[in-house]
Amino acid sequence: MIKLDSKIPEGPLAEKWTNYRASQKLVNPANKKKQDIILVGTGLAGSAAASSLGELGYNVKVFCFQDTPRRAHSVAAQGGINAAKNYKNDGDSVYRLFYDMIKGGDYRSREANVYRAAEVSNATIDQLTAQGVPFAREYGGTLDNRSFGGVQVSRTFYAKGQTGQQCLLGAYSGLLRQIGKGTVTMYSRREMLELVVIDGKARGIITRNLVTGELEKHSGHAVILATGGYGTIYYLSTLAVNSNGSAAWAAYKKGAFFGNPSFVQIHPSSIPVLNEYQSKLTLMSESLRNDGRVWVPKKKGDKRPANDIPEEERDYYLERRYPAYGNLVPRDVGSRAAKERCDAGYGVGDTGLSVNLDFKDAIAKQGKKAIEDKYGNLFEMYEKITGINPYEEPMRIYPSGHYTMGGLWVDYELMTTIPGLFAIGESNFSDHGANRLGASSLMQCAGDGYFVIPNTIGNFMSGEIRTSKISTDAPEFEKAEKDVTEKIKKLFAVNGKQTVTSFHKRLGKIMWDNSGMSRNEEGLKKALKLIDELKEEFWKDVKVPGTNDEINQELEKAGRVADYFGLAKLIVTDGLNRGESCGAHFREESQTETGEAKRDDANYSYVSVWEYKGDEQEPKLRKEDLNYEFVEVKERDYK
Amino acid sequence: MNIKLKIWRQKNAKAKGKFVNYSLDNVSPEMSFLEMLDALNNKLIIEGDEPVAFEHDCREGICGCCSLYINGTPHGPGEKTTTCELHMRSFKDGQTIVVEPWRSKAFPVMKDLIVDRNAFDKIIAAGGFISIDAGSSQDSNAVLVRKEKADEAFISASCIGCGACVAACKNASAMLFVSAKVSQFALLPQGKVEAVERVQAMVAKMDELGFGNCTNTYACEAVCPKGISVTNIARMNREFLYAKIS
């Protein structure tokens with residue numbers, strides 16, 4: 001039986017990472033050259049890890065499904081990246097950043113990992129700056145900071161509304177440098193479809209060449225997944241449409257445990273659904289709520305244009321419900337409040353599924369120019385998509401799936417329960433608890449890639465210096481390849497009448513309705529049944545056109561949706577188990593008299609860790625108890 | 001709306017391609033251009049035909065995946081707009097839209113509307129970076145950077161690598177793409193150390209890969225969805241000249 005050991009180093013919080021590095025095992029440079037590492041995914045975490053491991057001397061093989069590593073979805077992060085530099089002299093520190101993350105995550109994350117994430121944040125900013133990332137500057141030439149949701153200091157570094165793009169391109173250039181040097185080999189247009197485990201250790205992957213359809217066997221002494229989150233399970237989300245959960249799912253089925261799958265962040269402000277063919281939802285940065293006021297009409301079903309509704313007939317519901325934080329409540333709170341108003345019949349727009357985000361007062365007070373300086377590119381983006389000018393009419397926004405705090409369970413070394421298999425960035429569960437704070441995703445990805453995994457992987461690799469090159473002739477590779485071949489054949493063989501996308505949309509709706517912003521036992525149980533039925537229908541009536549030996553985007557989608565049925569059930573099962581409300585996970589049965597989330601520390605202060613037991617079997621639940629040694633566990637209150 | 005489409009179909013890199021006509025009803029002006037193609041593909045799949053292959057990912061104008069010549073213009077009508085940001089309200093009921101892949105020898109067609117833009121990665125790998133290993137950087141504020149330089153570097157750095165500049169150029173020149181990266185680093189003190197080697201290596205690689213030269217038509221700037229200016233090319237030429245004489 002696999003033991004759940006989080007391997008947290010001894011000692012006071014602030015010394016754990018230092019102690020760990022002082023005592024970990026190392027691999028000497030000559031031996032590193034003989035060791036192969038497979039890395040899947042080239043977002044900020046993957047690119048940063050690939051270049052750093054290449055710099056150390058390992059042979060790194062990197063895989064991405066896009067045509068080039070620069071396209072990964074880290075590119076779309078807007079607002080910023082946090083670091084505890086305290087450049088503003090406003091009382092920031094590593095401890096404060098750590099504390100904000102623990103509290104923001106509603107006390108459902110592991111102290112030691114979160115502290116380390118805060119600790120390496122400063123070196124991360126230095127690394128990115130040195131790589132030529134053009135962060136915003138003050139007139140004196142120093143780096144600028146801005147504030148972000150739910151904290152009292154200014155610690156967010158940014159590059160306009162394109163911070164993710166700039167950080168990713170910085171990491172990408174470092175990766176390309178190593179590719180040029182030959183320490184890293186790049187395999188683009190490849191999708192990982194299976195993990196290969198030999199004698200209990202992760203030793204390789206099976207990929208499909210997305211151009212030729214050929215299945216390829218790749219071996220390594222270790223495998224790192226940097227494959228992002230599974231937010232596209234809702235079909236409509238702020239994610240890139242090709243983002244998927246298949247690599248994590250393959251790892252789970254091979255024995256990697258899954259942590260807190262039901263913790264999914266629904267971001268309160270994205271452009272709402274405009275037509276039935278809508279394929280994605282575009283984020284409107286949290287920073288807009290600094291100046292925008294959120295409202296709906298006081299009268300149910302009021303269909304007048306927003307500008308025709310007089311002031312006294314508007315309900316600024318966030319300011320009404322949360323006078324202390326107003327429009328700047330955390331993401332989970334803002335999302336639920338919007339849903340509540342729309343469900344009660346006060347929503348605006350043709351569908352009634354949106355609320356107004358109004359800049360009228362800010363423009364009157366600060367002038368149009370000031371607003372344009374702060375949010376120009378976002379206003380432009382909004383107008384391109386909706387055709388509405390937000391300087392003249394309020395934006396219409398609605399929550400949408402955005403980020404998955406849950407992911408593969410990892411220990412302090414970021415190793416999963418399969419020895420030699422690591423998960424970094426959004427693909428692991430470790431740093432954000434039940435709710436992620438703004439600008440901490442880029443921070444975690446870059447930190448994991450540049451500074452955590454290059455240090456922690458050595459402990460495992462030091463045990464492998466006598467292991468010769470892993471042969472892809474091993475029967476485990478043959479078996480894995482055969483499994484993939486059969487799955488592909490099975491997908492084509494159905495030859496039904498409905499498109500893959502139509503199934504994905506229906507799955508998304510089941511998840512959104514029953515396992516989205518608000519969840520209850522009845523709905524979750526219903527969802528389990530509906531997912532089973534839909535899965536059955538999929539395998540009877542899906543249509544995958546074309547053949548395997550060519551570019552076949554429908555086949556790619558089909559494989560991802562097929563995996564999502566299983567992951568959807570796991571999310572729902574986890575949500576059912578967690579009878580409390582915490583962070584983004586709101587169980588209607590667990591709320592206060594005024595409708596706020598009610599956490600239950602006595603019964604649920606743990607990470608739910610799920611073990612795969614078979615497609616038709618219930619997964620097995622284990623618990624990693626969360627013992628808070630260094631912070632006092634409190635209630636979150638935004639009134 | 002009803003839309004008539006004339007789309008380039010090509011089975012694979014080796015096959016001969018041709019235009020195929022399609023007609024699509026019930027197009028809503030609210031749909032994005034790619035959602036219109038999704039609707040077409042939906043129809044094709046249900047009718048037993050092969051869907052049109054095209055590249056796309058973020059669908060919000062930042063990843064650089066989407067491409068397409070639309071009615072003869074890279075990324076279609078609309079200033080500073082990627083194909084995925086284009087909406088059907090930009091077209092009229094009954095209009096015919098011609099959709100082609102990027103037309104450039106350096107970007108060979110792989111299938112239908114998908115082209116191979118791998119050459120861009122090769123140019124970056126040749127020198128489009130600052131050589132700094134993780135762990136060896138100093139405090140970010142140890143080197144001050146003038147705000148105007150940082151802002152200018154940001155604009156150059158906002159290139160999404162879509163390749164519209166190459167596709168629009170009659171010489172298939174990659175000068176705008178390469179110069180944007182050269183400029184970003186030339187403007188920042190961090191990039192100065194390797195400036196000479198960088199510009200030489202990147203230009204040499206660009207030439208080696210068969211990209212053409214710049215003859216100042218400014219077609220690249222006109223179609224760049226991020227509004228990257230040809231002044232970057234002028235800066236690269238200066239950097240290149242300086243590198244030669246130094």
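Buried area is the accessible area, computed with a 1.4 Å probe, that two parts lose on being put together, summed over both. In this predicted model, local features need pLDDT of at least 70 and side-chain atom pairs count only at pLDDT 80 or more, while totals for chains, interfaces and linings use all residues. Side-chain values use heavy atoms, with hydrogens and water left out, residues are numbered from 1 along each chain as its sequence is written, and chains are lettered from A.

Between chain A and chain B the buried area is about 6100 Å², and carbon and sulfur atoms give 51% of it. In terms of contact (heavy atoms within 4.5 Å), 74 residues of chain A meet 72 residues of chain B. The rule finds 8 salt bridges across this interface, a salt bridge being a side-chain nitrogen of Lys or Arg within 4 Å of a carboxyl oxygen of Asp or Glu. One of the salt bridges pairs A:Glu550 with B:Lys111, with the closest N and O atoms 3.4 Å apart. The most is given by α7(A), with 8 residues. That side of chain A divides into 27 nonpolar, 29 polar and 18 charged residues.

The largest nonpolar core has 215 residues, of which A:Ile457 and B:Phe211 touch the most other members. Such a core is a set of buried Ala, Val, Leu, Ile, Met, Phe, Trp, Tyr and Cys residues joined through side-chain atoms within 4.5 Å, where buried means under 20% relative accessible area (1.4 Å probe, protein chains only). Beyond four places in sequence, the contacts of B:Phe211 include B:Phe107, B:Phe120, B:Ile123, B:Val166 and B:Met206.

Within chain A, A:Thr232 lies in the loop between β10 (222-225), a strand (a DSSP run of E of at least two residues), and α8 (246-253). A:Thr232 is buried, with a relative accessible area of 2%. Its side chain is joined to that of A:Tyr564 by a polar contact of 2.6 Å; a polar contact is a pair of N or O atoms within 3.5 Å, one able to donate a hydrogen and the other to accept it. Residues touched by A:Thr232 also include A:Leu239, A:Val241 and A:His504. Because 7 of its 8 residues are buried, α8(A) is largely enclosed by the rest of the structure. Among the buried residues of α8(A) are A:Trp249 and A:Tyr252. Just after α8(A), A:Gly255 takes a positive phi of about 120°.

Conventions
Buried means under 20% relative accessible area, exposed over 50%, partly exposed in between (1.4 Å probe, protein chains only). Helices (H or I, at least four residues) and strands (E, at least two) are DSSP runs, numbered from the N terminus. Ala, Val, Leu, Ile, Met, Phe, Trp, Tyr, Cys and Pro count as nonpolar, Asp, Glu, Lys and Arg as charged, and the others, Gly among them, as polar.
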